[in-house]
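Hi,

Here is the structure I promised to pass on to you. Have a look at it first, then read my notes below.

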Amino acid sequence: MSNTPMAASPLTRAVLEIDEYVSGLGWDQPARLFALVDTARLRTEQPSLADRLGLMGESETSGLTPIEQDEIPTDRPLDEFLGTIAWPDAVAGCALTVERLMLPPSAEAQVPQDLDEAALARWVADHPERQEVRMTVAVLREGARESALRLREKDSPTEVLTGSDLVPGLAEALAATFAE
């Protein structure tokens with residue numbers, strides 16, 4: 001992982017690793033879901049998988065390994081899909097990348113009232129101040145959260161904003177996948 005700060009927490013490093021991976025695929029990508037597994041546990045319990053992932057030769061003893069899951073269906077709302085997920089005990093956390101259009105807070109007063117979801121999406125897409133953003137949000141089973149935001153107009157690893165509470169709604173939806 002070339003651009004991830006070594007001093008960052010394992011969760012922050014995982015989020016930035018996922019951001020860098022998805023960034024390499026370019027923009028206009030579908031949402032992607034990742035399981036986060038404890039790297040040391042993966043090496044111990046699944047050595048052949050760890051070897052295929054190139055993890056056996058690494059000296060780091062802590063960390064999280066992102067494992068991309070099957071493609072997310074595009075024929076249903078994301079929140080509905082997330083409500084169907086249950087993770088096995090071996091999964092320490094999960095992460096999701098999704099691209100969205102966003103507006104600055106100053107545009108909130110301009111939003112026309114009584115628009116349905118499709119009309120609102122068209123209005124936002126046509127707004128001159130819209131920004132394309134890729135959000136990578138991760139949560140751990142025990143509650144920790146981290147996010148990375150990358151604007152399309154500032155598409156550089158040095159311009160990625162990170163923080164634990166940048167996309168709270170999405171973090172809540174991901175955390176709910178661990179609810180019993």
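This is a predicted model: local features need pLDDT of at least 70, side-chain atom pairs count only at pLDDT 80 or more; totals for chains, interfaces and linings use all residues.

Residues are numbered from 1 along each chain as its sequence is written, and side-chain values use heavy atoms, with hydrogens and water left out.

Two strands pair if DSSP finds at least two bridges between them.

**The sheet**

Strand E3 (residues 91-102) and strand E4 (residues 131-140) run antiparallel and are joined by 10 bridges. Another facing pair there is Glu99, which stands opposite Arg134 in E4. E3 also runs antiparallel to E1, with 6 bridges between them; Leu33 has Leu96 in E3 as its bridge partner.

Zooming out, you'll find an open sheet of 6 strands, paired antiparallel in the order E2-E1-E3-E4-E5-E6. Strand E2 (64-68) and strand E6 (161-163) are at the edges with a single partner strand each, so one side of each has no neighbour in the sheet. From one strand to the next, the twist averages 20 degrees (axes are lines fitted to C-alpha atoms, for helices over the stretch in contact, and angles run from 0 to 180 degrees between N-to-C directions).

**The helices**

Helix H1 (residues 10-24) lies across strand E1 (32-38), E2, E3, E4, strand E5 (145-151) and E6, at about 30 degrees to E5.

Which residues are buried in helix H6 (residues 168-175)? They are Leu170, Ala171 and Leu174 (buried means under 20% relative accessible area, exposed over 50%, partly exposed in between, with a 1.4 Å probe and protein chains only). These residues sit on the same side of H6 because they cover an arc of only 100 degrees around the axis, taken from the directions from the helix axis to the C-beta atoms. Among what covers them are E1, helix H4 (78-82), E3, E4 and E5, where contact means heavy atoms within 4.5 Å.

**One last residue**

Ser9 is in the segment before H1 and counts as partly exposed, at 35% relative accessibility. Ser9 and Glu146 are 137 residues apart in sequence, and 9.7 Å apart in space from C-alpha to C-alpha.

Cheers

Terms used. Helices (H or I, at least four residues) and strands (E, at least two) are DSSP runs, numbered from the N terminus.
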